Amino acid sequence: MISRIAQERSHLELSTIYEVCRILGDSLDIQRTFRAALNTLAAQLGLTRAMIVLADADPEGDEGRLTVHSAVGLSREQVERGHWTEGEGVIGRVYESGLPVVVTNVQDSAEFIDRTGAFGPQEGKRLAFIVMPLRTDQITLGVLAAQREVEGMARLSDDQRLLTMVATLLAQSLALHRSVAAEHARLQLETTRLQKALSQEAPRRRYSLDNVVGHSKTMQRVFAEVHQAAPSRSTVLLRGESGTGKEEIARAIHYLSPRKEAPFIKVNCAALTESLLESELFGHEKGAFTGAVGERKGRFELAHGGTLFLDEVGDISPGFQAKLLRVLQEREFERVGGSRPVKVDVRLICATNRDLERMVQRGEYRADLYYRINVVSIFLPPLRERRDDIPPLVAHFLDRYNKENHRQLKVTPEAMQVLSNCYWPGNVRELQNCIERTATMVHGEAIRDLAFPCKSNRCLTQTLHHMEKEDAVAPVSSTITVNKVQRPDGSSIPVDGRRAPAAAGPGDAFFDDEDDEDTVVRIGPTERLTDASVLPPRQFGAEPPQGERERLIWAMEQCGWVQAKAARLLKVTPRQLGYALQKHRIEVRKL
């Protein structure tokens, strides 16, 4: 008989624990789950009434107040009356000590204080009061109190054991709920703070790219265009001077697009000849040419499903322009030495620092290819037009240098002023070079204004620092004043009537007063040429043309194809003139 009763009691306890666990795991709504758990206890164990009492902060600042959180068998008025202080009555003592208490008969207990008015003694009944602490991590969060009528063979020790397990489950659930609520409150505060910061942020700081530093208004416009163009598959043409960050912008467009998981392949078109560029882009078959020992995929195939970045696209030859146009139109190509068409799905991003419109006008660039690659144009401003970005760029490059070289260099305000006032013809690339070079050679932990080579007239790029130059051989100002100078034979020749600027700048170190006194009328071999039929025919008149190539030929014609004199006429160095002649493939005539 006793064994059967024990088995039934054991089954009852297991089913009660299971049901309470299921209820507590269903929801994080602690009010609803606690009430449901108390209902289960009352139904399974035959409890008259039960309640959960938690510590609550009094509105007047009393932190030790205990109030009824959830209850079963109590009216609303009784719940509202249920409040104790720490250490008061059985409820307060259990909360204070963290030890359970079992009152076998509330009528005989002097410590029993019934604030609710629901647990008091009743005539003709023996009512027990069982109070268990809700403890977790050695902290008491509240108490679980239950009342039952003691009759027959009821054992309060069995109820105490079961309620102890239930109190542990309730305490863990309460701790989890408070942890989640605290994290949720923290996230809400963080969200509110970020939203407030964003609302106070100026519109120019709305856009940003992870790999590009740019806080100025001009760069914010660029970022806005990048965010607008990235999701589509339209071809993008990046325009701007060398060193403005076209490759970084192209990479940002790729990683902001749906193709970000696919390859990003880049090719520098100016670094390869036409035949090598064709093999590099389209690939080749085995035996297509000497050295083609195997089949090789081109960059178009490697970029299938992703993005292909063609840098310096303005420098490709006219012959290859036609081949590239066909690939862009048909989305297919043939490998070098092959006959099988290969279809690709590639998003194209091009970049150039050349004036493609002028090249199209001169017939140097195909108009149909220009329209094919110039679908979305994004112009990157030179660094001198976004000087607000110089301080954050300096901080970025210096931080990278410090991490790589384990140093703690800083830039003084005077040094930052020098960097902000520089013309930067090499743009961001030149700024990075200047920071790294100066940081490497500086002594101490601070970069001061005198540390820069330009302060001692040793700037490596001072020949490029012309404040108003548009290209390598552009005049220093927008127009050239042409004067007529008499030649020995009585004829006249147009010359630049200006001297070098009075205030020498970084780019004026190559001109002196003695050279200016030697005007271009003394042009060597041309002084002895009295018969005009001996001179080669001229392409341009006395007025300087606008284009860089045309201005080069005009200056060489005016000076009898003597490079030193032509450089002086254009106010550039002979080395600059030589590079410009090679760039435009102008053959120097020998007279």
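Contact here means heavy atoms within 4.5 Å. In this predicted model, 65% of the contacts between residues at least 6 apart in sequence join residues at least 24 apart. The protein chain comprises 19 helices and 19 strands, and buried residues account for 44% of its 591 residues.

**Nonpolar cores**

- In soluble globular proteins, nonpolar side chains tend to be buried together.
- The largest nonpolar core holds 31 residues, of which Leu41, Ile52, Leu134, Leu144, Leu163, Val166 and Leu170 touch the most other members.
- At least two residues of this core come from each of helix H1 (2-26), helix H2 (30-45), strand S1 (49-56), strand S5 (127-136), strand S6 (139-149) and helix H5 (156-200).
- Helix H5 makes the greatest contribution to this core, supplying 8 residues.
- Beyond its neighbours within four places in sequence, Leu170 contacts Leu24, Phe34, Ala37, Ile52, Leu134 and Leu144.
- A second, separate core consists of 30 residues, among them Val267, Val342, Val346 and Leu348.

- Helix H7 (residues 246-255) has as its buried residues Lys246, Ile249, Ala250, Ala252, Ile253 and His254.

**Packing of helices H13 and H15**

- Two packed helices are described by the angle between their axes and the distance between the axes.
- Helix H13 (residues 390-405) and helix H15 (residues 427-441) have axes that come within 10 Å and cross at roughly 45 degrees.
- H13 is therefore oblique to H15, and the crossing of the pair is right-handed.
- On the H13 side, the contact is made by Leu393, Val394, Phe397, Leu398, Arg400 and Tyr401, while H15 contributes Val428, Leu431, Gln432, Ile435, Glu436, Ala439 and Thr440.
- By residue class, this contact of H13 with H15 contains 9 nonpolar, 2 polar and 2 charged residues.

**Packing of helices H17 and H18**

- The axes of helix H17 (residues 548-558) and helix H18 (residues 563-570) lie 8 Å apart, and the helices pack at an angle of about 120 degrees.
- This angle makes H17 oblique to H18, in a crossing that is right-handed.
- H17 takes part in the contact through Arg551, Leu552, Trp554, Ala555, Met556 and Gln558, and H18 through Gln563, Ala566, Leu569 and Leu570.
- The residues of this contact of H17 with H18 comprise 7 nonpolar, 2 polar and 1 charged.

- Most residues other than glycine have a negative phi, and most peptide bonds are trans.
- Arg331, which is not a glycine, has a positive phi of about 60 degrees.
- Arg331 is located in the loop between helix H10 (318-330) and strand S12 (332-334).
- With a relative accessible area of 30%, Arg331 is partly exposed.
- Trp561 also has a positive phi, near 65 degrees, in a residue other than glycine.
- The loop between H17 and H18 contains Trp561.
- Trp561 counts as buried because its relative accessibility is 8%, and buried means under 20% relative accessible area.

Conventions. Residues numbered from 1 in each chain as written. Predicted model: local features only at pLDDT ≥ 70, side-chain atom pairs only at ≥ 80, totals over all residues. Heavy atoms only, no water. Axes fitted to C-alpha atoms, helices over the stretch in contact; angles between N-to-C directions. Helix = DSSP H or I, 4+ residues; strand = E, 2+ residues; numbered from the N terminus. Parallel < 35°, antiparallel > 145°, perpendicular 65-115°, else oblique. Left-handed = near helix turned anticlockwise from the far one by under 90°. Nonpolar A, V, L, I, M, F, W, Y, C, P; charged D, E, K, R; others polar. Buried < 20%, exposed > 50% of the residue type's maximum accessible area, 1.4 Å probe, protein only. Core = buried A, V, L, I, M, F, W, Y, C linked by side-chain atoms within 4.5 Å.
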